[in-house]
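The terms are defined where they are first used.

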Amino acid sequence: MHHISLAPIVIVLLVAVIAVIFCRKYNIPSMLGYLLAGFLAGPGVLHLIPKNEATDYLGEIGIVFLMFSIGLEFSLSKLKAMRRLVFGLGGMQIVLTIAAVMVILMATGTTFNWAFAVAGALAMSSTAIVSRILAEKTELGQTHGQMAMGVLLMQDIAVVPLMILLPALAGGNSGNLWLELVLAALKMIVTLGVLFFVGSRIMTPWFRLVAKRKSSELFMINVLLVTLGVAYLTELEGLSLALGAFVAGMLLSETEYRFQVEDDIRPFRDILLGFFFITVGMKLDIQALINSWPLVLTLLGLLIVLKALIVFAIAFRMKHSTADSLKAALYLAQGGEFGFVILAISSKINMVSLELEQAATAAVLLSMVIAPFILNSSDKLVGRWVKSSWDMKAVDLQNMLIAAMNQSNHALIIGYGRGGQTIGRILAAENIPYYALDLDAERVRVARSAGEPVSFGDAKRCEVLEAAGLNRASMVIITLNNMHETQHVLDNIMSARPTMPVYVRAISDDYLQKFTQIGAEEVVSDTKETSLALASYALLQSGLPYQKVSQIILNIRRSRYAMVSDLFSGSDDSENVDDENSHITRHAFALTNEAYIVGKHTDALPLHQLNIKLLFVRRHTHRIQDFEEDFLFEPNDILIVAGHKEKIISFENWCLQGNSTFP
């Protein structure tokens, strides 16, 4: 019987867990942790994880789910609108990058075939890194984000003709080359056309049929079937798995199940994408770096600097702003996962020497390691390189200044989504002026054409807030979904106008205290306000007069939700993973006959040491909140406490068993 070892899988999972813990602790992008973990645990150092086709394929499936998630953000109409970016900017980037790298390499004595193979690999950028960071920074809908995604899509498409060209050049057979390229293009057009034509007609009815069964497992299985099934179909036709997954996501983006699908697919995407970065880290060969470091650095410079200059020049020539062109260039100035594929195939067919292949692989990998630092600093780099932030958006800011010039004593709304629009309509109905900022260019365009007082602008930039009339505003209302962006905007407002009344939306209770400490006048919790609205209806239905109900709800708001804080948590709670230590929860546990604290007073409890709050004790049917001097704990008492989860666990163990650590 053939024995299959689980050891490599267990080691990969262990490495992934350690990497994420380390990155979370030191606020490092998780993908860097995965890359480093893959390098240390892989063949290059400790040899804990074997490098084989199975591990590579597992990582590639992670890209499939990532591209599917990105496809959910697009639609056929949006892709049609992006055709100039995909085929114009993307096509020119590939052609010019390959040509420029080939000229430089051939000038140094590299043969034509070798130069072409390396140039094709360096022309690719990392879909996984770029799209992940764009999504995290909520910049997919911005101009530079769409430019980057357009180029990445074209690179996925360009892999097909490159895979045909490489063997043809290696074999010296160019007689049927053009025929093969034409057939490949026709196959691609037919395959994608059939998927769009058939898929758009069957996707909604099919998901509706599955949803009617009201089974979460069935719905999840169906999502996996569609994602991997469409990717498999495109692979059969010689296209990439990632391109098929992107098409599947686009087909689902126009159905009512888009958001449910996005939530279901996220765990698979994040886990498998982590595996992909681990497999990438495993490719780094220290010996190649030592032996060929001048060549590696040369290729790294070509990859980052030359590609960035080419993207910037093309984008600027296509009438995009200097800032957007530079941002797109920075986002695309790294190697990609398809670069590894091209180099591996080239090496197998003797299209490139082993030394050059190893040096190019190392250069691509190093560029991917550097990329997150460059992308996360892109705003600062653009502000430093393009004269000043004001010059960078001079025209937009001037238009915003003109539009907001007549606004005074207005409410400045940051974020013009559903919440921001609702607030704006209510204010307008009462003749209260407002002005809004939003980063969804399409939504701003449509709203402005309808006469709404809204402009495209990034409120994280102080000059944008000034142009929108912050100094003349009577209040600011922040309705953003991204809490990190909200904190950034709030910091800017408090720095410029410390006395400005700011009302902030918080999607998680964890941010209530944080935003209040920064200086928000009021912080409104999504979950708390929904609960208060439902509670008010329940109180009215129970017979309480409207004035009484209104006063109860008002008192809860004035106390900053004190009555409804420290709630019991469950498996369906969505905790803030970025600031998990701030999450306070409520917990209840009963004392056994042998419990350590039976017969002791509350003074003996390590409440201060563990920062735990004893809310009350339930004894039979009585609720005890005031603990007299003669109060002693008894068996079967139920303690209700609030605090951090890990501290509550320690506290419960101490109460039941005792611990010499605490007095």
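A crossover is called right-handed if, with the strands pointing away from the viewer, the path from the first strand over the helix to the second runs clockwise. Helices (H or I, at least four residues) and strands (E, at least two) are DSSP runs, numbered from the N terminus. By these terms, strand 1, helix 21 (residues 418-429) and strand 2 form a right-handed β-α-β unit. Strand 2, helix 22 and strand 3 form a right-handed β-α-β unit as well.

The model is predicted: local features need pLDDT of at least 70, side-chain atom pairs count only at pLDDT 80 or more, and totals for chains, interfaces and linings use all residues. Residues are numbered from 1 along each chain as its sequence is written, and side-chain values use heavy atoms, with hydrogens and water left out.

**Whole chain**

The chain's secondary structure comes to 29 helices and 10 strands. Of its 663 residues, 48% are buried, where buried means under 20% relative accessible area, exposed over 50%, and partly exposed in between (1.4 Å probe, protein chains only). Contact means heavy atoms within 4.5 Å. Among the contacts in the chain with a separation of 6 or more, 72% are between residues 24 or more positions apart.

Two strands pair if DSSP finds at least two bridges between them. An open sheet of 6 strands, paired in parallel, has the order 3-2-1-4-5-6. Strand 3 (454-456) and strand 6 (522-525) are at the edges with a single partner strand each, so one side of each has no neighbour in the sheet. From one strand to the next the twist averages 20°; axes are lines fitted to C-alpha atoms, for helices over the stretch in contact, and angles run from 0 to 180 degrees between N-to-C directions.

| Strand pair | Sense | Bridges | Partner residues |
|---|---|---|---|
| Strand 1 and strand 2 | parallel | 4 bridges | Ile 413 and Ala 436 |
| Strand 5 and strand 6 | parallel | 4 bridges | Val 504 and Val 523 |

Helix 22 (residues 441-449) packs on the sheet, where it touches strand 2 (434-438) and strand 3. The direction of helix 22 makes about 145° with that of strand 3.

**Helix 24**

Helix 24 (residues 483-496) lies across strand 1, strand 4 and strand 5, and runs at about 170° to strand 5. The expected span of a helix is 1.5 Å times one less than its number of residues. For the 14 residues of helix 24 this gives 20 Å, which agrees with the 20 Å between its end C-alpha atoms. Its buried residues include Met 483, Glu 485, Val 489, Leu 490 and Ile 493. The buried residues of helix 24 pack against strand 1 (411-414), helix 23 (462-467), strand 4 (475-478), strand 5 (502-506) and helix 25 (512-518).

**Helix 5**

Helix 5 (residues 83-107) has 25 residues, which should span 36 Å; the end C-alpha atoms are 35 Å apart, in agreement. Among its buried residues are Leu 85, Val 86, Leu 89, Gln 93 and Thr 97. Gly 109 follows helix 5 and has a positive phi, near 100°.

Strand 8 (residues 613-619) and strand 10 run antiparallel and are joined by 5 bridges. Val 617 stands opposite Leu 639 in strand 10. Strand 10 (residues 638-644) has 6 of its 7 residues buried, so it is largely enclosed by the rest of the structure.

Thr 602 lies in the loop between strand 7 (584-590) and helix 28 (607-610). With 12% relative accessibility, Thr 602 counts as buried. Not counting residues up to four places away in sequence, Thr 602 touches Leu 614, Phe 627, Phe 631 and Phe 633. Its side chain makes a polar contact with the side chain of His 601 (3.2 Å). A polar contact is a pair of N or O atoms within 3.5 Å; within protein, one must be able to donate a hydrogen and the other to accept it, and residues adjacent in sequence count only if both atoms are side-chain atoms.

**Asn 376**

Asn 376 lies in helix 17 (residues 354-376) and, at 43% relative accessibility, counts as partly exposed. Asn 376 and Lys 137 are 239 residues apart in sequence and 8.7 Å apart in space, C-alpha to C-alpha.
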